[in-house]
Each structure stands twice: as structure tokens, then as C-alpha cells.
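Welcome! Take a moment to look over the protein below, and then we will walk through it together.

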Amino acid sequence: MASFTHTIVRRPSRSLVDGITSAPELGKPDFELALKQHSTYIDALLECGVDVTVLPPLEQYPDSVFVEDPAVITRCGAIVTNPGAASRNGEKDEIEPVLHRFFDEEHIKRIEAPGTLDGGDVMMVGDHFYVGRSARTNEEGIRQFFSILEGWGLSGSEVPLELVLHLKTGVNYIENNTMLVSGEFIEKPDFADYTKIVVPQEEAYGANCIWVNGTVIVAEGYPTVLKAVQDAGYKTVVVDTSEYRKLDGGLSCMSLRF
Ligand code: CIR
């Protein structure tokens with residue numbers, strides 16, 4: 001089973017209100033509330049026994065609070081991704097120096113254009129990495145990613161996405177061979193061998209939970225998900241992410257865990 005020592009988060013910038021969204025009908029995030037929710041998120045991580053590196057806000061990148069996307073960190077090294085959205089691509093240059101605090105140059109690899117990849121499309125299950133092929137992550141990005149994994153003795157497999165933004169929008173591994181699955185992921189053959197917690201459509205956003213050292217952090221307002229995770233024997237912590245949901249972001253997007 002995995003265990004995490006470190007996490008990295010980035011404080012939201014005021015420009016957060018201009019982040020990318022597929023759901024403008026939810027309204028713009030309330031910045032002050034987003035800031036408070038971010039502090040609660042940091043407290044929840046600390047409660048799980050990890051250290052938290054808190055990076056400063058980046059006004060020029062409205063979505064940079066979603067620090068999961070410009071990097072993927074494995075037990076063997078870190079990969080600077082090449083984020084697929086033009087307005088987010090420069091976030092990779094901001095995260096790379098931070099990775100150097102934890103890894104030497106030999107253990108930092110990069111996805112290069114024309115390959116693109118967002119960390120939100122990568123789900124770690126032990127030494128295997130499922131990668132969503134999405135509007136953000138292309139075939140060449142996945143090819144480069146698998147080649148880096150192979151060099152480290154790790155493996156990967158591709159999961160085509162049809163409906164959601166990122167792989168982990170709809171499927172999340174919480175260790176113990178268990179996954180939360182919603183929508184298009186419920187019947188995917190890739191996940192047939194796992195114990196599945198099936199998330200009902202009306203709570204689909206709640207599928208984006210994170211496992212941190214035995215505790216599962218669950219978004220506030222998804223009672224069926226919370227109960228199912230508790231019934232499966234996990235300790236849970238609830239964090240409200242309502243302002244990040246307005247930008248298609250959730251619990252996993254807001255940290256790197258390693
Ligand atoms: C975006 O569209 O890139 C952001 N508004 C949301 C990113 C969410 N990140 C993630 O799922 N890893």
C-alpha cells in the first residue's frame with residue numbers, strides 16, 4: 001500500500017474567478033470563500049500526517065491552484081507534464097523548480113510538445129498508472145509518459161474518456177483494491193478486478209476523493225459517497241470544495257501527494 005510523506009499545494013489567486021469552466025451556470029467562485037476552503041483543505045492534509053509545501057498564488061494563471069495538473073510524482077521520480085490547456089501550459093515552468101526541492105535532475109523527466117498531459121488524467125494504483133486520453137492528454141503525451149514509467153520499472157495503461165474532463169473526475173483509487181467509480185467508469189473493463197464503490201449520478205462530483213495514509217478526504221455535500229466510504233471501513237474527513245467545483249476542480253486536483 002502507498003503511503004505519503006509530502007504534499008504540495010498552491011494558494012488560489014484572485015484571478016481564480018476567471019478559471020476555465022464547463023459549468024458557467026454554477027456561477028463564479030467566491031474568492032474569499034475559496035481561500036477559506038483552501039485553508040481547510042491544508043488542515044485536512046496535515047491531519048493525515050503529511051507535510052504540506054504551500055506555494056504562493058500565481059495571478060497570471062487562474063487555474064494554478066489545481067497543482068495536480070502540471071506534474072505527476074511517482075515513488076521513482078517526478079514528471080513535469082505539458083498541460084493541454086493553452087492558458088495553463090506555463091504552470092509547468094512554475095512547478096519545476098519546486099520539484100527540485102525533492103528530486104535531483106536525474107529523477108525529473110518532462111513531457112515535451114507535441115505531447116500533452118494533465119496530471120488529473122493520471123491515476124496511480126501501486127506501481128501501475130492509468131492514464132486518461134482526454135481533451136487535455138493526447139496520444140503522444142501518453143506515449144512519452146509510458147516510456148518514462150518503463151525507464152523506472154513502472155507500468156501504465158490508457159483509458160479512453162468520453163464525457164469527463166479528466167480521468168480522476170470520475171474514478172479514484174483509495175487503496176485496498178478499492179475504487180470510487182461514477183458514470184462512464186462504472187462498466188469499464190479496465191477496472192473490472194477492483195472492488196468498486198459506485199457513485200450515483202446525482203453525486204458524481206463526490207467520486208473525486210483522495211486517500212491519504214488511511215484517511216479518505218471526501219467533498220462536503222455528498223452523503224451517499226461519504227457513507228459508502230465509511231461503510232467500507234475508512235476513516236473520513238470532509239472538506240467543502242464548492243468554489244472549486246465551479247471550475248471543474250476537486251479534491252485530487254488541489255494537491256500533489258507523494
Ligand atoms: C481546468 O479546466 O483545467 C480547471 N478549471 C480544472 C482542473 C481540474 N484538475 C484536475 O481535475 N486535476
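Arg75 is exposed, with a relative accessible area of 61%, and Asp127 counts as partly exposed at 34%. Please keep in mind that this is a predicted model.

Another salt bridge joins Asp69 and Arg88, whose closest N and O atoms are 2.8 Å apart. Here too the pair links distant parts of the chain, 19 residues apart. You will find Asp69 in the loop between β2 (51–55) and β3 (71–73), and Arg88 in the loop between β4 (78–80) and α2 (91–99). Is this pair buried or exposed? Asp69 has a relative accessible area of 2%, under the 20% cut-off, and is therefore buried. Arg88, at 5%, is buried as well.

A further salt bridge brings together the side chains of Glu243 and Lys246, again with 2.8 Å from N to O. Both of these residues are buried.

| Salt bridge | N to O distance |
|---|---|
| Asp69 and Arg88 | 2.8 Å |
| Glu243 and Lys246 | 2.8 Å |

Salt bridges can also join into a network, as they do for Glu68, Lys168 and Arg257. How many salt bridges are there in total? The count comes to 16.

Now let us step back to the whole chain. The protein chain holds 22 positive and 39 negative side chains, and the centres of these two sets lie 2 Å apart. Its secondary structure consists of six helices and 15 strands.

As for its overall form, the C-alpha trace spans about 45 × 45 × 35 Å along its principal axes. Among contacts with a separation of 6 or more, 68% are between residues 24 or more positions apart. Finally, the accessible surface of the protein chain comes to about 10600 Å², and carbon and sulfur atoms account for 51% of that area.

How values were computed. Residues numbered from 1 in each chain as written. Predicted model: local features only at pLDDT ≥ 70, side-chain atom pairs only at ≥ 80, totals over all residues. Heavy atoms only, no water. Helix = DSSP H or I, 4+ residues; strand = E, 2+ residues; numbered from the N terminus. Contact = heavy atoms within 4.5 Å. Areas by Shrake-Rupley, 256 points an atom, 1.4 Å probe, with all protein chains shown as cover. Lys, Arg positive; Asp, Glu negative; His and termini not counted. Charge placed at Lys NZ, Arg CZ, Asp CG, Glu CD. Salt bridge = Lys/Arg side-chain N within 4 Å of Asp/Glu carboxyl O. Buried < 20%, exposed > 50% of the residue type's maximum accessible area, 1.4 Å probe, protein only.
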